[in-house]
Amino acid sequence: MKDVLIICLALLTFSLQAQPGNDEGKHHRNGKNMDYTPEQIAELRTKKMALQLDLTEQQEKRVYSLMLNKTIKRKEKKEEHKEGVSFEKRKEILDHRIEEKKELKSILTKEQFDKWETNMQNKNRNKSRSKKHK
């Protein structure tokens, strides 16, 4: 009888720990708080690129405006994508990415662009590896 009681208490303890907290919905999948404004997100992304690529002040301003536009459009379209993405929407997304890449290429020097592209490829490769291991 004692053993059954101990097992029940252990199961109860584990099940309570597995329950999500009240604030879980406020966090992004990596645990980062995503209550930032589009301007804050654009500024953080621009600063990160500036650190990685040694951007000039003029380049930072142009990258900031590009990131701000991208962030605003992403927030607007987030609701549309909840029910699924059609072929036309996927095509539109890819066209938009190509346009952004061309604009970024015009802002950055060749060395900076190559470094950025390499970083993005590594980042995407790491994402796909982590998805396979889950």
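E60 is partly exposed, at 23% relative accessible area (partly exposed lies between buried, under 20%, and exposed, over 50%; 1.4 Å probe, protein chains only). The model is predicted: local features need pLDDT of at least 70, side-chain atom pairs count only at pLDDT 80 or more, and totals for chains, interfaces and linings use all residues. Numbering runs from 1 along each chain as its sequence is written, and side-chain values use heavy atoms, without hydrogens or water.

E60 pairs with K47 in a salt bridge, N to O 4.0 Å (a Lys or Arg side-chain nitrogen within 4 Å of an Asp or Glu carboxyl oxygen). The pair links distant parts of the chain: K47 sits in helix α2 and E60 in helix α3, 13 residues apart. K47 is partly exposed too, at 45%.

The whole structure holds four salt bridges. One of them joins K101 and E117, with the closest N and O atoms 2.7 Å apart. Here K101 lies in α4 and E117 in α5, 16 residues apart. Another joins D114 and K110 at 3.4 Å. Both lie in α5, four residues apart, about one turn of the helix. K110 is exposed, at 58%.

Overall, the protein has five helices and zero strands (DSSP runs, H or I of at least four residues, E of at least two, numbered from the N terminus).

The largest nonpolar core has 14 residues, including M49, L55 and W116 (buried Ala, Val, Leu, Ile, Met, Phe, Trp, Tyr and Cys joined through side-chain atoms within 4.5 Å). Helices α2, α3, α4 and α5 each supply at least two of its residues.
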